[in-house]
Amino acid sequence: MDDLVLARALHVLGVIHWIGGLAFVTLVVLPLSRSEAGGGLVLFQAVERRFSTQVRLSVPLVGATGFWMTWRLDLWARFADTEYWWMGAMLGLWLLFMLLLFVIEPLMARRAGPDDPTAAIRRLLLAHRVLLAAAAATALGAVAGTHGFSF
Ligand code: HEM
């Protein structure tokens, strides 16, 4: 298998694990946590802890394979071209998650739990919905753009 095919396959595999997990947390775990009186935040935190350990592998994998394809195909100029907005969106989303996973989350973990768990779940749900919408738009743009659709 040629290295570009392998990089593309691993890129998409990483995206499936990462964005699929984000969708599950946003659409299943957080709504369930919101409806559970009292124990909701504990449920979310237990799921998130497990998932963030795994996603700390898939997010770097997506970045490494993405940069490998960009370098091999010499696609750097696309980051400055609005027609390829989805290249910038991929990079922006990746940078944001790297920051969340490796800087912000470890800092938050050291702080005491929130005073109002219900309000905390509401805020988490809103943040996850925004991230999922951005990830879905990025994935749609990337597949359509890669396969010849011109924006
Ligand atoms: C550092 C971050 C990233 C870089 C440098 C990057 C780079 C690339 C490159 C170079 C391609 C191939 C483009 C082509 O062949 O014309 C690609 C494809 C793709 N990327 Fe990314 N990417 C990154 C992050 C992401 C993220 C965060 C997502 C998901 C939201 C994503 C989803 C995809 C998808 C779905 C494809 C299309 C695969 C296909 O249908 O063949 N990428 N990416």
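Which helices are included in what covers the buried residues of α4? In this predicted model, local features require pLDDT of at least 70 and side-chain atom pairs count only at pLDDT 80 or more, whereas totals for chains, interfaces and linings use all residues. Residues are numbered from 1 along each chain as its sequence is written. The cover includes α1 (3-35), α2 (40-72) and α3 (85-109); helices are DSSP runs of H or I with at least four residues, numbered from the N terminus.

Helix α4 comprises the 30 residues 117-146. At 1.5 Å a residue, α4 should span 44 Å, and its end C-alpha atoms lie 42 Å apart, which agrees; the expected span is 1.5 Å times one less than the number of residues. Within α4, Ile121, Leu124, Ala135 and Thr138 are buried (20 or more other C-beta atoms within 10 Å of the residue's own, with C-beta atoms placed from the backbone; 12 or fewer is exposed, and in between is partly exposed). Just after α4, Gly148 adopts a positive phi of about 100°.

Helices α1 and α4 pack at an angle of about 150°, their axes 10 Å apart (axes are lines fitted to C-alpha atoms over the stretch in contact, and angles run from 0 to 180 degrees between N-to-C directions). The two helices are therefore roughly antiparallel, a term for angles over 145 degrees. Residues making this contact include Val15, Ile19 and Leu22 of α1 and Ile121, Leu124 and Ala135 of α4, where contact requires C-beta atoms within 7 Å.

In the loop between α2 and α3 lies Asp74, a residue other than glycine with a positive phi near 50°. Asp74 is exposed, with 8 other C-beta atoms within 10 Å.

Methods: Contact = placed C-beta atoms within 7 Å. Parallel < 35°, antiparallel > 145°, perpendicular 65-115°, else oblique.
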